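Biologist: I would like to learn how to read a model of this kind. Please take one feature at a time, with the general idea before the case.

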Amino acid sequence: MAEKQQKRAKEKEQNAEQKRVHARRILELLDREYTTEYRCFLNHENAWQLLFATILSAQCTDARVNLVTADLFRKYDSVEAFANADLKELEEDIRPTGFYHNKAKNIIGCAKMLAEKYGGNVPDSLEALTELPGVGRKTANVIRGNIYHQPSIVVDTHVKRISGKLGFTKSDDPEKIEFELMELLPEDHWILYNIHIIQLGRTVCTARSPRCAECFLREECPSYTAEL
């Protein structure tokens, strides 16, 4: 029995090491293609703007959010302005982003909590961020990674879908995927991986019609090689 357990443990570690080697090759190719420059696809000048823009980005493209926030952040130029906003008026201001009833309610609630509890500042801990209305782990990790430069995994739709294709996860649960990627990827690539995968998902590995034959990751992608 002990020998079988040792054998299984050894096989498990070998499989884990193979997966880590595979992940390193993927990251090297992503770095080569997209460089290691950090960028955020949501326009913002400070932490609260990125926080509210990320709330607006749920089920909406970053490009549309950026169009909306260009005027929105001029009209509401502080956390206090959002906290005191009229709900119906804010709903109309953000209507193009979709789900505007809930988003407006959450943004006002979030702004009020920031103003009352944090003096208008955005906290940096996962626990504090996820206590804010409308803020889940994904939004919290966007803030932690892009504003406070804390190693964080952001599991958005691109990361969820493409991580599965690459063989990094078999899960559909964003939180489980987050922890699997944290274990697999080096910390210095946690936010960078999200940036790269967004670029890949928008240009090559699109959801509706992925251009697999043109993809620079095709030789390392189990989803591509399985079709050969």
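Biologist: Is glutamine 49 buried or exposed?

Modeller: The terms are set by relative accessible area: buried means under 20%, exposed over 50%, and partly exposed in between, with a 1.4 Å probe and protein chains only. Glutamine 49 counts as buried because its relative accessibility is 7%. Keep in mind that this is a predicted model, in which local features need pLDDT of at least 70 and side-chain atom pairs count only at pLDDT 80 or more, while totals for chains, interfaces and linings use all residues. Residues are numbered from 1 along each chain as its sequence is written, and side-chain values use heavy atoms, with hydrogens and water left out.

Biologist: In which helix does glutamine 49 lie, and which residues does it touch?

Modeller: Helices are DSSP runs of H or I with at least four residues, strands are runs of E with at least two, and both are numbered from the N terminus. Glutamine 49 belongs to helix 2, residues 47-56. A contact means heavy atoms within 4.5 Å. Setting aside residues up to four places away in sequence, glutamine 49 touches His44 and Phe73.

Biologist: Where is aspartate 62, and what is it in contact with?

Modeller: Aspartate 62 is in helix 3, which covers residues 62-75. With a relative accessible area of 16%, aspartate 62 is buried. Beyond its neighbours within four places in sequence, its contacts are Phe41, Leu42, Ser57 and Arg202.

Biologist: How many helices and strands does the protein chain have?

Modeller: There are twelve helices and zero strands. The C-alpha trace spans about 65 × 45 × 30 Å along its principal axes. Of the 228 residues in the chain, 44% are buried. Among contacts between residues at least 6 apart in sequence, 59% join residues at least 24 apart.

Biologist: How many disulfides does the count come to?

Modeller: A disulfide is a pair of cysteine sulfur atoms within 2.5 Å. By this rule the count is zero.

Biologist: How do I read a pocket, and what volume does the largest pocket have?

Modeller: Rolling a probe the size of a water molecule over the atoms shows where empty space is left. On a 1 Å grid over the protein atoms alone, a pocket is an open set of points where a 1.4 Å probe fits, with protein on both sides within 12 Å along at least five of seven lines, and lining residues have an atom within 4 Å of a point. Points are joined across faces, edges and corners, and the volume is the space filled by probe spheres set on them. The largest pocket has a volume of about 810 Å³. It is lined by 31 residues, of which Ser57, Ala58, Cys60, Lys138 and Asp156 are the closest to its centre. Helix 11 gives the most to this lining, with five residues.

Biologist: Which residues line the second largest pocket?

Modeller: The lining consists of Lys12, Glu13, Ala16, Lys19, Arg20, Phe168, Glu180, Glu183 and Leu184. Helix 1 supplies the largest share, five residues. The space in this pocket is about 230 Å³.
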